[in-house]
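Please read these notes with the sequence and the model open side by side. They are written as numbered points.

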Amino acid sequence: VKDLIPNCEYYFRVKAVNKIGGGDYLELRNPIIAEDPKQPPDPPVDLEVHNPTSKSVTLTWKPPLFDGGSKIMGYIIEKLAKGKERWERCNDYLVPLLTYTVKGLEEGKEYQFRARAENAAGISEPSRTTPFVKAVDPIEAPKVFLAANLQSGLEVKRGDEIILEAHISGSPYPSITWLRNDEVVRPEDIKKRVTAPKKKKGESILSVRDSIRADHGTFTIKVENDHGVAKASCEVNVLDTPGPPVNFVFEDLRKNSVICKWEPPLDDGGSEILNYVLEKKDNTKAEMGWVTVSSTLRHCKFHVTKLIEGKEYLFRVFAENRVGAGPPCVSKPMTAKDPFSPPDAPNKPDVEDVTSNSMLVKWNEPKDNGSPIIGYWIEKREINSTHWARVNRNLVNALEVKVEGLLEGLTYIFRVCAENAAGPGKFSPPSDPKTAQDPIIVPGPPSCPEVKDKTKSSVALAWKPPQKDGGSPIKGYIVEMQDEGSTEWKKVNEGDKLFPTCECVIPNLKELRKYRFRVKAVNAAGESEPSPATSEIPIQDILEEPEIFLDLGAQDLLSCRAGTTIKIPAVIKGRPVPKTFWEYEGKAKTTAKVEATDARSEIIIPECNRSHSGRYSITAKNKAGQKTVHVRVNVLDVPGPPKDLKVSDITRGSCKLSWKMPDDDGGDRIRGYVIEKRNIDGKAWTKVNPNCGSTSFVVPDLITGQEYFFRVRAENRFGVGPPAETIQRTTARDPIHPPDPPIKLRIGLVTKNTVSLTWKPPKNDGGAPVTHYNVE
C-alpha cells in the first residue's frame, strides 16, 4: 500500500473476487498508524562531569544521533562505585533534560557514570562511561564584591535607610560576617534598627533603618571558608548637622576688645564646615538676648571689638555645614578689662664705648607685668640742662642702643623706659655721667719704611701712617736704625725732635755700609710699637739714565694763539742730575728764555707769532746716558690775505670775483671768505655776503655805471685775516659789442632821382644805444 500520509491512522479491509463476484470484506479490528517501524534509540553522546562536590555531581550530555524512529521520552542515569561490579540507577523518573545532578554520593569515594536514552520502542545501549570522579568539594577561595553603586562609598541623610548589597562566591560556600568599624554588626547593638542580613546564595544585603550620625563609618563584609578570607569595605557617611565647637577660650583680653578662639566640632556632621556663627550676650542684664557678632566666619578665631569696659559677657558659637547649624558651644562669663599693666622701670643703664660723638647705652629687661614688652624709649640730658630729649623715634627692640650725634666735650646722662600693650612704664634711674670724647691710646705701628732715594752718605725713607691714631693726633715719628752686624737699635732722632711727616732723610751714613731702619709713631699717649724693619740697605749712589717728562696735555703737539706766551715745561729725572739744553728745528732759539732747576726745565717765548711754529727739542745728559724729547708747536692766528684777486664777467648789475687761498692759513682750516665792496666816492666798506665757502663769488646788486673797489679776507676759527684788494676801479656796465644788422629793410616812394627807405632796429644793440645808421 503506497502514498500513505505519515502519522495518519488507517483501517484496511480485503475481499476475494472470482468470476461470479466478490465475497465479504475482512477488516482490521484496530487502526494502523502510517509510521516507520520503531526501535530503541542510539546511546547518548558527549557525557561530561561538572561541579563535583562531596555529595553530588552534575552531568551533561547530548542526545543520540538517531532516536530509533520514535521521540526520546527521557534519559536514565547510572553510576558505578569504584570496586563494585553492579551499576546503580540514579534517577527514579526519566530525565527530560540534557543535564542531571546526581546526589547522595559518599564523600571521598570515586564514581563512574553513564546514560541511556528511552523511546517508545525501548531503552538504548549505555553511553560511554566517564572517567572516575572523586566525590570531594572543589577548592575555591571566597570572593566578595560590593554592588556597583557602593564602589565609591555611600552617603545618606539622617533618617534615611542604609542598604548595603554584596555578591559572594567560593567553594565550599563561605560564612558571612558584617562589621562596622571592625566590630560585628548585631541588631541589638544598633537598637534593633538593623535588619538581619538577607542570605541568598551568592548575595547578602544589610539594611539599617532610621540612620543616625553615629551609624557612619566603614562597613565591611567578611566571607570565609577553609581556603581563605575575603573582604570588601564601603565608607558610609550619614549627613547631619555638625556637633558643637569645643575649647572656647579668650585671648588678648582688653577693656574694649577680646579675641575669641575655639576649635572645630569633634564631628563635622559628615560634611565640610562652611562657616561659624558667633553671638554675644550682656550677662549683667537677664532680659537682654543674644546678638549676632558675625555669621560668616571661616576660621576659628575672631577679634570682637566695641565692648564696654567692666561689663560681663557670654559668647556662643555655632558650626554650620550644608545640612544646617549644629548646637552651640557657650563660653564662660568674661568681663571686659585689661589683664595687665605697664612694665616696671629698667635698672640704671650702663654707658660704654664712648667716642667724641657717640655712646653705647645698655640695660636689663624689666618685669613686663603680664604683657610682653614691645620696645624701649631712651632719653638723654646734658648734665647742665634740665630738659630730657628723646633719642629714638621708633621703639627699640634690643637691650642696647648706640646714641650718635653727641657734641664733643659735653657730659651726658641717659634713662630708659619699657612699653607693652598697656603703654610705657616708668623711666629707669639716670646713668652715670659720661663725657663725649674719644679714648686715647698709643697709635698703631706705621707701615714698613721704603727707600725713596739714597746717596753715598744718606738715605731717604718714606712710610705710611698707622691705621689707628689711638684717639689722638699723631705728633710725629721716631726713626731707628740698626748697623750691619749689630742687634742694637739706635734712635736717629729723639722724642723732642720728631719727624713731622711720613718721610725723612738720614745723613752721615758710611758709604757701602748696610743699615736696617724702622719707625715709631708718637701721640699724646706715647710711642707706638715699631713698624716692620726694612731689609739691609747698602749706602751708595744711584745711577739713573735721564728721563724727560713734558708737562703738557698733548705731548706730540702744542697749539697756542698768536700773541700769547709759549711755555713748554719738562720734568727731568736722572742720577746724577742731568744737564739740559733746548733747540728749535735743530738750532738754538735765541729769542727764547729758558728757566731751569735740577729737576725742571722750561722754555718761554713771550708774544709768539706764526714764525715760532715748529719742532722744539730738549736734551738731558748725565754719566748714565742721554735722552732727547721733541714737541711740535703750532702757533694759531688769523689767515693771511688771499692771492691773485681778479674781476671778470662785468655787467651793469654784477661782476665775478675770483682768488686763490692764502699762503698761510693761520694754522687752522679756513672756514670761508668775507667779501666787501666800496663805492669810489665812499669811504666805508660794505659786506657783500657773511661767508663764502669757495674761491670765487658773483657780486650782485651793483648800480649801473657806478665805479667800485673790492676786497676779500679769509676767515678761520680765530678770526678774519688781512684783505686782498683790487687796484683798478671796476665800472658796473655791460660789455659793448657791435650791434646786430637792422632788419626788414623796405623800399618806399621812388622818383627819378630819390628813393624812400624804411627798416627796423637790430634785435641786439650790442650793449649800448644805437647812435646812427650808415646807408649804402
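1. Basis. This is a predicted model, in which local features need pLDDT of at least 70, side-chain atom pairs count only at pLDDT 80 or more, and totals for chains, interfaces and linings use all residues. Residues are numbered from 1 along each chain as its sequence is written, and side-chain values use heavy atoms, with hydrogens and water left out.

2. Salt bridges. A salt bridge here is a side-chain nitrogen of Lys or Arg within 4 Å of a carboxyl oxygen of Asp or Glu. The count by this rule is 33. One of them joins Glu 379 and Arg 415, with 2.7 Å from N to O. This pair links distant parts of the chain, since Glu 379 is in strand E32 (residues 375–382) and Arg 415 is in strand E35, 36 residues apart. Strands (E, at least two residues) and helices (H or I, at least four) are DSSP runs, numbered from the N terminus. Glu 379 counts as buried because its relative accessibility is 10%. Buried means under 20% relative accessible area, exposed over 50%, and partly exposed in between (1.4 Å probe, protein chains only).

3. A second pair. Arg 518 and Glu 480 form a salt bridge whose closest N and O atoms are 2.6 Å apart. Arg 518 lies in strand E43 (residues 514–523) and Glu 480 in strand E40 (residues 476–483), so the pair ties together parts 38 residues apart in sequence. Arg 518 is buried at 18% relative accessible area, and Glu 480 is buried at 4%. Salt bridges that share partners join Glu 480, Lys 491, Arg 518, Lys 520 and Glu 527 into one network.

4. Leu 410. This residue sits in the loop between strand E34 (400–404) and strand E35 (411–420). Leu 410 is partly exposed, at 31% relative accessibility. Which residues does Leu 410 touch, not counting those up to four places away in sequence? They are Glu 382, Lys 434, Thr 435 and Ala 436, where contact means heavy atoms within 4.5 Å. Leu 410 and Glu 382 are 28 residues apart in sequence and 7.0 Å apart in space, C-alpha to C-alpha.

5. Asp 664. The loop between strand E55 (655–660) and strand E56 (672–679) holds Asp 664. Leaving aside neighbours within four places in sequence, Asp 664 is in contact with Arg 610, Pro 639 and Gly 640.

6. Backbone angles. Most residues other than glycine have a negative phi. Asp 644, in strand E54 (residues 643–648), has a positive phi near 55°. Asp 649, in the loop between E54 and E55, also has a positive phi, of about 55°. Asp 644 is partly exposed at 43%, whereas Asp 649 is exposed at 53%.

7. Surface patch. Leu 745, Ile 747, Val 750, Val 755, Leu 757, Trp 759, Val 770, Tyr 773 and Val 775 make a nonpolar patch of about 820 Å². Patch residues have over 30% relative accessible area and no salt bridge; nonpolar side chains (Val, Leu, Ile, Met, Phe, Trp, Tyr) are joined within 5 Å, like charges within 9 Å. Areas come from the Shrake-Rupley method with a 1.4 Å probe, and for residues only the protein chains shown count as cover. E62 and strand E63 (755–760) each supply at least two residues of the patch. Tyr 773 lies in the segment after E63.
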